[in-house]
Amino acid sequence: MTRSNPLRRLCLLGAVVLAGTLAGTATASAPAQPLPLIPMPASLEPLRGQFALDADTPLLAAGEAERTVAAQFSALLEKSRGIAPKVVAGSRRPGIRFRLDPAHGGGRESYLLEVAPGGASITAGDQAGLFYGAVTLLQLATLDESGPIRLPALRIEDAPRFPWRGFMLDPARHFWSVEQVKQVIDAMALHKLNTLHWHLTDDQGWRVEIRRHPRLVEAGSCRLPAGDGAIDPASGQPRPYCGHYTQEQVREVVAYAAQHHITVVPEFDVPGHATAAIAAYPELGSTDAPLRPTSEWGVFPNLFNTEEATLAFLEDVIAELLPLFPGRYFHIGGDEAVKDQWQASARVQTRMRELGLADETAMQAHVVHRLAAFLEKHGKRAIGWDEILDGELPAGAAVMSWRGTEGGLKAARLGHDVVMAPVSALYLDYLQTGSPHEPPGRPATITLQQVYGFEPVPEGLEPERQHHILGVQANLWTEHTRSFERLQHHMFPRLAALAEVAWSPRQARDLGSFLQRLPVQLQRYRRWGIGYASTPFQVDVELQDESDAGVRVALSNPLGYEIRYSSDGSAPTAASPRYQAPLQLPLPARLQAAAFFAGKPLAPARAWHWDAASLLTRSDEQLDACRGRAALRLRLEDDGPAEGERAIFDTDIFYPCWQWTAARLDGVVAVKVRAGRIPYYFQLAHDEPHRRFEPARSAHGELDVHAGGCDGQRVASVPLPAAPDADGFVELEAPLAPALSGRQDLCLRFTGDTRPQMWVVDRVTLERR
């Protein structure tokens, strides 16, 4: 297979074919643009000419497998461009031939795609490769949004870099219907991903029917949401949140995935993340305290006990699941198993002595060995999170490295196969930009650039061990992902970056090229009904300086696309001024800005307005976490209403304080705060001691204001009420004493431990004389 200079070949083809095509504005004299295929093929050779594809173009397929792929291509083309060519056995007209050839030598999932003026063909050694060739052909047919379809003449020889190209979907925290799971599968297939890791069990819900143990779904698949979300607004009665998959629905999903060449890997997490299962069958637990599935998030102490009857129960559950999932791997979890209950349990300690185990880590290794052996006996292979490396690991077990790449490196050197899924680069529930328009999510930011820049093979791994890196996977935990729209927002376009990491040769990956190809992929998303995040394509603003006369603002786009702006109230166009340096604007000031590519905006323009009054107010998104503290900043939403949009707050759950950096305090006599109160729904396990409260000095605590940062002088304080107003908010006004002047950091914090509730800042206003 030819692999020389694939990026150069793509750019050469772009110069020939994409003139006047990409986004409808490129010209023959424009710089060469890479052909917008994602993921980038391993090898591409441009040829002369084009092939016209229309509704009458025959799709030539002889065998059943070929006809299946051809029909899938036709259906996708109808969704993308509104035409559905017919699948036929033969035709005199030039067409597109789908051909399976056992002699095709490119390896599993590989294909050869050839386009010439007289027709096109896809050749592969297996049906998966034929399908991926069809996906590439579909992308060639969607280089623009309208007009006749002209396929550029070319030859592509392509094969994936890694055999495991995965995405993890979590229905335990928030449940996804069968149709929604199918939509995820559709999108994965269009990105040539081939493994769906289905996280079916956790503390917050048990999501799969087990007929021999029906209470797992009867008692384990429902919970009461936090706060007001648990109450039906019409009746005032409890409103449980429920959901599980029947075994027939599981079979339906697995079969649908197989049609798209995706293997479903189930996860039954043990010994931790077990609250829902123990709530259903208390005898499985290591505590006598009654449990129930909960809408709290974090790390729970509840573990399965280690008695023989419990291990037999776990094997019984796995045995019932195995026929539903024909794939080779079965995920047994193993992560975040806090051992406190085992240490305190006389039964567990007795069991450890009976087995001759030195400590609780060895006890977990014993459970892993037991389940791995059970799976091996049934023709399956265990895979688990990298904590399973903490004890002796069964020889045949594979490791999913999430705490970084170090676990994967260690496992590969020990001879274990590895899937790289590090939290630092591939957790898609983390916010992807610093925009205030990001939905609720985790504290850190994982940008598209970080996903694209991740290298699955660790530096320093010996060449003879590199074959143990099976591939790469992005994970999306759904604690804060309450709707399918949010799920798609978190997935896209970062999943496109993952696809290229997983598929394309390392030497062919180039971020600049990817960003040039991405706008056309967004066009495809709109055609395919994929809801992607607009925040990476919007413009963000930073208020660099302010005075009574004007403001200086800096504009940026998270992906570095060109920015055009206007200050006359009109929407920016391709002819508007291009942003190059911070703007000095007199008050009152209005500004609109949008990111552009090839003369078209990538997202609707954002608008801002500044005047003397607005400069005295900051929202919680505009405030900093207090400096000098180890912040765990989260973007959290309110607990009501039960349906629809809710207020969203940025807060540090370990230290509830907010800082207005360099506030202009001349003439300011008071600080007015609009505060809300939301449930505190976090289990912190061994991190709990790091949670800090300032002591309350009155019945319900105070809002304190400090100048010069949180360790500075307290300049204002106001008692907190017992409860907020009916709308969940309260307005607090704190007069300053003494009077302040100049620019100083103002720190605002709530005192007292108010759990199970917590106060949060919504808006801060400085009041002048």
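Analyst: Contact here means heavy atoms within 4.5 Å. The model is predicted.

User: What covers the buried residues of helix 11?

Analyst: The cover includes strand 14, helix 8 (308-321), strand 16 (329-333), helix 9 (340-344), helix 10 (346-355) and strand 17 (381-385). Among the buried residues of helix 11 are E360, M363, V367, L371 and F374. Buried means under 20% relative accessible area.

User: How do you know that the span of helix 11 agrees with its number of residues?

Analyst: Helix 11 has 18 residues, 360-377. The expected span is 1.5 Å times one less than the number of residues. That gives 26 Å, and the end C-alpha atoms are 26 Å apart, so the two agree.

User: What is found at the start of helix 11, and what just after it?

Analyst: At the start, a side-chain oxygen of D359 comes to within 3.2 Å of the backbone nitrogen of T361. A polar contact needs N or O atoms within 3.5 Å, so this pair meets the distance limit. Just after the helix, G379 has a positive phi of about 80°.

User: Why is the pair of F131 and Y132 called edge-to-face?

Analyst: Two values decide it. A pair of aromatic rings is described by the distance of the centres and the angle of the planes. For F131 and Y132 these are 5.9 Å and 70°. Centres within 6.5 Å make a pair, and planes over 60 degrees apart make it edge-to-face. The structure holds 27 aromatic pairs.

User: What makes F131 and Y132 count as buried?

Analyst: The cut-off is under 20% relative accessible area. F131 has 3%, so it is buried. Y132 has 0%, so it is buried too.

User: Why is the pair of W658 and F750 edge-to-face?

Analyst: The ring centres lie 5.6 Å apart and the planes stand at 75°, so the pair is edge-to-face. W658 belongs to strand 34 (residues 657-664) and F750 to strand 40 (residues 743-750), so the pair ties together parts 92 residues apart in sequence. Both W658 and F750 are buried.

User: Which residues do ring pairs link into a cluster?

Analyst: The cluster takes in F492, Y525, Y532, F537, Y561 and F597.

User: How do you know that R674 sits over the ring of F729?

Analyst: The charged end of R674 is 3.6 Å from the ring centre of F729. The distance limit is 6 Å, and the charge must also be within 35 degrees of the ring normal. R509 lies over the face of Y452, at 5.8 Å from the ring centre.

User: What makes phi of H273 and of A662 worth a remark?

Analyst: Most residues other than glycine have a negative phi. Phi of H273 is positive, near 50°. Phi of A662 is positive as well, near 55°. H273 lies in the loop between strand 14 (263-270) and helix 7 (275-280), while A662 is in strand 34.

User: Are H273 and A662 buried, partly exposed or exposed?

Analyst: H273 has a relative accessible area of 4%, so it is buried. A662 has 30%, so it counts as partly exposed; that class runs between 20% and 50%.

User: Where are the peptide bonds described as cis?

Analyst: One runs from I38 to P39, with omega near 0°. P39 is in the loop between helix 1 (6-17) and strand 1 (43-53). Another joins L587 and P588, with omega about -10°. P588 is in the loop between strand 26 (583-586) and strand 27 (589-597).

How values were computed
Residues are numbered from 1 along each chain as its sequence is written. Side-chain values use heavy atoms; hydrogens and water are left out. Rings of Phe, Tyr and Trp (its six-membered ring) pair if their centres lie within 6.5 Å; planes under 30 degrees apart count as stacked, over 60 as edge-to-face and the rest as tilted. Buried means under 20% relative accessible area, exposed over 50%, partly exposed in between (1.4 Å probe, protein chains only). Helices (H or I, at least four residues) and strands (E, at least two) are DSSP runs, numbered from the N terminus. A polar contact is a pair of N or O atoms within 3.5 Å; within protein, one must be able to donate a hydrogen and the other to accept it, and residues adjacent in sequence count only if both atoms are side-chain atoms.
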